[in-house]
Amino acid sequence: MSTDIIALFREYGFEPRKKTASEWSCACPACGGTKRCSIWPAEREGRGYYWCRECNARGDAIQFLRDHVHLSYADACKRIGVASAAHAVRTPALPSRAEKNRFEVGQKASDSMDTAIWREKAEKFVSWAEANLQRNTEQLAWLAARGISAEAAREYRLGYNPGERGGNCLIRPRESWGLPSAVRDNGKPKRLWLPRGIVIPHVMDGEIRRLRIRRLDADRAEFNAAHKYHVVEGSEMQPLWLECRTRLRDGQGAVVVVETELDACMLHALAGDLVHALALGTCNVRHLSARLFERLKESLVILVALDADEAGAQGWPRWQATFPAARRWPVPAGKDPGDAYARGEDMRLWLLSGMPEGVRLMLDRQRAEPVAEACSAEDTPFPDEPGDAPCPFPGASDTDFPDTPPAAVLEWWEMWKRYPVTYFRERDKEGNVRGFEFVCPYQWSRSHPGMMNDFLAFRDAHPETWRWLARNPNDIITAKNFMDVS
């Protein structure tokens, strides 16, 4: 028996109401809230998708039947008329006793080497490999099948090492790359090995910091099959960070965490306007640079998409213990994002489904043309609600707007610094304010009952906070940029 999610809600006593052409609203089946549960019937390949902003309950029609009708996964699939994929994909369960460990800030010092020489050689190697890749239709097709076009390969400076003189690698003296001399057990000098395969550079501040090579499957079949990715000796081991391309990049955006650099490149190529992409290289990372740690700490949501295997499940507790905004977000099919893409999954929809509603509301605004400069205080709506009259405060002109924030504004700002709260201002295509929302991570709110209410109550009790907020030209505001008034 096939059905849609709206009919399913109605069958079990709910009354969804249509809001827009693609969105409905309804009482939440989990918490009973009447105004903050939305339903999108066309998403998830017609299975629909619902999400409650109040309690964070979410899922498609299958999840609704599992959570609220208590059907098994197979019975839920049968109930809505879709084939069960339980036999094909199983996301490992979390460890029964999750280790409460955290990330450590700082990087281990590298061995003695001449960093300048290494980076110079790495730059020449990457440039050579880039040219090789753009001429190699077979390797470009291999990348395209994983969601990375030739243009994206150029953007991320991906390359191809074909080996030399008919061999499947390059062999170079270690000293020529600035590495210290070393001797093998047999007394012969150790050389630098650059295997054949896709060259993946990590570029930071305009310099090559790491080289990783994805070996060809044919070469792995002949030698060391388990060694899929080779890190060139002398590389730094910091994770790869690919910056979001839009205004969401400034600390308040979403981050997707994956294991391999190629998966990060693919997701960034497809959804770099939505997310920062972070590739760890391994799920067992324990040390993060201070710079990266701060970026993650400021992020609104961290979608942790480690591989759907036992190692990925074991790597999750460290994220959970360190970053309140982290969410375990396994791929909808396969082992990793590359597998999911190859199976035809919509990776943008997968990422969007994991984001808070406030971020989703900003997307139309991002695609709209830039808005003119912020309006004057007389034209500023209060408090950014649709149809509001101009700011009613007496003397709300540019000439008498105080240079020094009032005491209540400073007190609210100090409170805000302790709370992971983000303010989103929603505009239409003409740049007019059409809504707003204060958002905080659900996990934090649950762990700090009442604090969000105190924060909002203080705001409502001191109108000058609204006035200061209305003068801020940013559409995404946290304590970090709250004082950036115009």
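Buried residues make up 49% of this chain of 486 residues. Buried here means under 20% relative accessible area, exposed means over 50%, and partly exposed lies in between, with a 1.4 Å probe and protein chains only. This is a predicted model, so local features need pLDDT of at least 70, side-chain atom pairs count only at pLDDT 80 or more, and totals for chains, interfaces and linings use all residues. Residues are numbered from 1 along each chain as its sequence is written, and side-chain values use heavy atoms, with hydrogens and water left out.

Now the overall make-up. The chain has 17 helices and 21 strands. Both are DSSP runs numbered from the N terminus: helices are H or I with at least four residues, strands are E with at least two. Take the contacts with a separation of 6 or more: 61% of them join residues 24 or more positions apart. A contact is heavy atoms within 4.5 Å.

On to helix packing. Start with α14, residues 407-417, and α16, residues 451-461. Their axes come within 11 Å and cross at roughly 165 degrees. Axes are lines fitted to C-alpha atoms, for helices over the stretch in contact, and angles run from 0 to 180 degrees between N-to-C directions. So α14 and α16 are roughly antiparallel. The cut-offs are under 35 degrees for roughly parallel, over 145 for roughly antiparallel, 65 to 115 for roughly perpendicular, and oblique for the rest.

Who makes that contact? From α14, A408, E411, W412, M415 and W416; from α16, D454, F455, F458 and R459. That gives six nonpolar, no polar and three charged residues. Nonpolar covers Ala, Val, Leu, Ile, Met, Phe, Trp, Tyr, Cys and Pro; charged covers Asp, Glu, Lys and Arg; the others, Gly among them, are polar.

Next, α16 against α17, residues 463-470. The angle is about 95 degrees, with the axes 4 Å apart. These two are therefore roughly perpendicular. R459, D460 and A461 of α16 meet P463, T465 and W466 of α17.

How much of α17 is buried? Six of its eight residues are, so to speak, mostly covered. The buried ones are T465, W466, R467, W468, L469 and A470.

Last, cysteines. There are zero disulfides, taking a disulfide as a pair of cysteine sulfur atoms within 2.5 Å. C28 counts as buried, at 3% relative accessibility. C244 is buried at 3% too.
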